[in-house]
Amino acid sequence: MNTFITAAGVALIGLMLLVLIRAIKGPTVIDRLVAINVIGTKSIVLLLFAGILFGQLEMFVDIALGYGLLNYIVSIAASRYYQHRKSLEPEHSPGGSPVS
Amino acid sequence: MGYLGYILISAGLVFFLGTTIGLLRFPDFYTRMHAAGKGDTLSTVMILTGCICLSSTQVDGIGLLLLALKILLIINFIFIGSPTATHAMMDAGNKAGATPWRKDSK
């Protein structure tokens, strides 16, 4: 079982790195928000995998629950913050035209 | 019980692969949000259910019941919270003035 969980965790980390590409080069702020939300949700799963591998799932479940609550609050607060800004212009071209 | 956990975790990884491809390849903010919201929620719920099935081979008795209840609490929270966060982010994009992608736009 440990081999399967290790392989699933490595595959999950690889896919999370692919999502991180979108978080780095995403043209607007809101694209980055989406990618960070996905990565944060998958971190809960990764914490549970670590709990199964270490044999201490009772402790890691509590950490995962707290992390999930924190991730939800961060997503809500950031989306409330960026809706009043000009968050659709790319940051690297100041004064550029908005993304259509 | 263990094989059910293997099947659920593998299916969740397949759905997360779909989420990743959609998040990288779709042309617009709204379509990326569509891929991220649905696939992320479903794959997380399936993998966590698989973790319950796999943990039944490690823990037993009242500890397994408490563990399953806690993981079910996480599943319930994600099932409510993730679409709400997706809706809030899409509302932020709509209020900031993102125009939807069309086939004849550039």
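Trainee: How many residues of chain B are in contact with chain A?
Mentor: In this predicted model, 46 residues of chain B are in contact with 39 residues of chain A.

Trainee: And which helices of chain B supply the side that touches chain A?
Mentor: You'll find α1 (2-25), α2 and α3 of chain B there, each giving at least two residues. The largest share comes from α3(B), with 18 residues.

Trainee: How does that side of chain B divide into nonpolar, polar and charged?
Mentor: It has 27 nonpolar residues, 14 polar and five charged.

Trainee: Switching to chain A, how many residues does helix α3 have there?
Mentor: Helix α3 of chain A runs over residues 57-82, so to speak a stretch of 26 residues. From first C-alpha to last, α3 of chain A reaches 37 Å, close to the 38 Å expected at 1.5 Å a residue.

Trainee: Which of the residues of α3(A) are buried?
Mentor: They are A:Leu57, A:Val61, A:Ala64, A:Gly68, A:Asn71, A:Tyr72, A:Ser75, A:Ala78, A:Ser79 and A:Tyr82.

Trainee: Nice, and what covers those buried residues?
Mentor: Both chains take part: the cover includes α2 (29-54) of chain A, along with α2 (29-55) and α3 (62-96) of chain B.

Trainee: Back to the pair within chain A: are α2(A) and α3(A) roughly parallel or antiparallel?
Mentor: Their axes come within 8 Å and cross at roughly 175°. An angle over 145 degrees counts as roughly antiparallel, so α2(A) is roughly antiparallel to α3(A).

Trainee: What kinds of residues, nonpolar, polar or charged, are in that contact?
Mentor: Between α2(A) and α3(A) there are 17 nonpolar residues and nine polar, with no charged ones.

Notes:
Residues numbered from 1 in each chain as written. Chains lettered and ligands numbered in written order. Predicted model: local features only at pLDDT ≥ 70, side-chain atom pairs only at ≥ 80, totals over all residues. Helix = DSSP H or I, 4+ residues; strand = E, 2+ residues; numbered from the N terminus. Expected span 1.5 Å × (residues − 1). Buried ≥ 20, exposed ≤ 12 C-beta atoms within 10 Å, placed from the backbone. Contact = placed C-beta atoms within 7 Å. Axes fitted to C-alpha atoms, helices over the stretch in contact; angles between N-to-C directions. Parallel < 35°, antiparallel > 145°, perpendicular 65-115°, else oblique. Nonpolar A, V, L, I, M, F, W, Y, C, P; charged D, E, K, R; others polar.
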